Amino acid sequence: MDTEATKTPGEFPLPRSQQANERLHSLIPGGAHTYAKGDDQYPENLAPVISHGRGAHVWDIDGNRYIEYGSGLRSVSLGHAHPRVTEAVRRQLDRGSNFVRPSIVEVEAAERFLATVPTAEMVKFAKNGSDVTTAAVRLARAVTGRPRVAVCEDHPFFSVDDWFIGTTPMSAGIPAATTELTVSFPYGDLAATEELLSRYPGEIACLILEPAAHAQPFPGSPGRPGTEDPTAAYLAGLRELADRHGCVLVFDEMITGLRWSEAGAQGLYGVVPDLSTFGKALGNGFAVSALAGRRALMERGGLRHSHDRVFLLSTTHGAETHALAAAMAVLTTYVEEGITARLHALGERLAAGVREAAAGMGVGDHLLVRGRASNLVFATLDENGRPSQEYRTLFLRRLLAGGVLAPSFVVSSALDDTDIERTVEAVAGACAVYRKALDAADPTPWLGGRPVKPVFRRRA
């Protein structure tokens, strides 16, 4: 196999990837370690298994090269094998990765993080986003003495733990008593949130949400001509509600962290949460996450207070030196090289090209690009304007044939103008087929098998 091949996949099967997918399913439940990476998310028999990646490109084990978007579920925002990150990691690997006492790297990483996110006063590192969002919930319950958690219903994911997963269609194995303690509120609606807080007076420990409506902006959001971004006013309103009702305000910055600004959405909009959680882009693919926040709350998980102790975070691998070195290199690269601005510029160029290609093929009302420029997603609508997994399947299939691996259009800074041009060309080819399917009012002949499936569903 020529792993350096520059060919792109056509309408043919991926035999080695298919064989590897069978091996994956025989050994690993779901065939992947993240449901969003499952082969059910891709057209039938067209789920490539990756050999390696460099920059904005990945190669599958069949020898095909792809321009990749949404790398590592949005975590690899600098591109694969970024030299500043990998060099920082290599230096630490020779010095040992885990000790019986804290490494000096832990304090250096904390200082670097808090200098970059100055709205926080303390930070504790872990490995996964779920580690730190659950720690935030536990801490909020401890300091308020309240049992209920209020989550934003318009944001798709907060944690693998029971308090959140019990609210999804994949709730098997989670007691109803746990799920009943989680309630929800809509993004952008302060009146509805106040009604929820009043309905459960003195019971809600925290409001937890992603601070920006990144996938489906509510009316008046950026990108709509003649309007202003209402996010800052909305977040300020939530801050006031949380203070008035005595609950903790938690920003989940897994996606917005670094991509919105180096200091996250809180740095961009100027609203300071009590607690916030970071991950994904923080390690550029290395496993590191962070819980940050006000000292008065965070210290309850420490030793310098007279209250009951809170088991905040205690992870064997949370402070591995190479992962913290990666985080420091990422933070430095973002600040010194203006990465956030580059992500926005690349996203704006891509979004304009995709919209132009879709309009040119007469499907501009059916293939929609949404979200902030640094975090673009797309929606596929059928002939009646309804979201359609069938049309998504058709679109993904044609993108793969054009050498584009794109479950979203989330950019990395490793993309260049040629990559954007090639992507837009692939989109145009996909839109030509999309138009044929719309004219036939039936995408079935172009699917090549079963449609892709939503991640959260009750039955496999």
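In which helix is the place of Thr116? Thr116 belongs to helix H4, residues 104-116, where helices are DSSP runs (H or I) of at least four residues and strands (E) of at least two, numbered from the N terminus.

The model is predicted, so that local features need pLDDT of at least 70 and side-chain atom pairs count only at pLDDT 80 or more, while totals for chains, interfaces and linings use all residues. Residues are numbered from 1 along each chain as its sequence is written, and side-chain values use heavy atoms, with hydrogens and water left out.

View 1. With a relative accessible area of 11%, Thr116 is buried (buried means under 20%, exposed over 50%, partly exposed in between; 1.4 Å probe, protein chains only). A polar atom of the Thr116 side chain lies 2.9 Å from the backbone oxygen of Arg112. Not counting residues up to four places away in sequence, Thr116 touches Glu262, Ala263, Leu331 and Val335 (contact means heavy atoms within 4.5 Å).

**View 2. Asp274 in the loop between helix H10 (264-269) and strand S9 (275-278).** Asp274 is buried at 5% relative accessibility. Its side chain reaches the backbone nitrogen of Leu249 at 2.8 Å. Leaving aside neighbours within four places in sequence, the residues in contact with Asp274 include Arg239, Cys247, Val248 and Ala292.

**View 3. Packing of helix H8 (residues 190-199) and helix H9 (residues 231-245).** The two helices pack at an angle of about 15°, with their axes 10 Å apart.

How values were computed
Axes fitted to C-alpha atoms, helices over the stretch in contact; angles between N-to-C directions. Polar contact = N/O pair within 3.5 Å; in protein donor to acceptor, adjacent residues only side chain to side chain.
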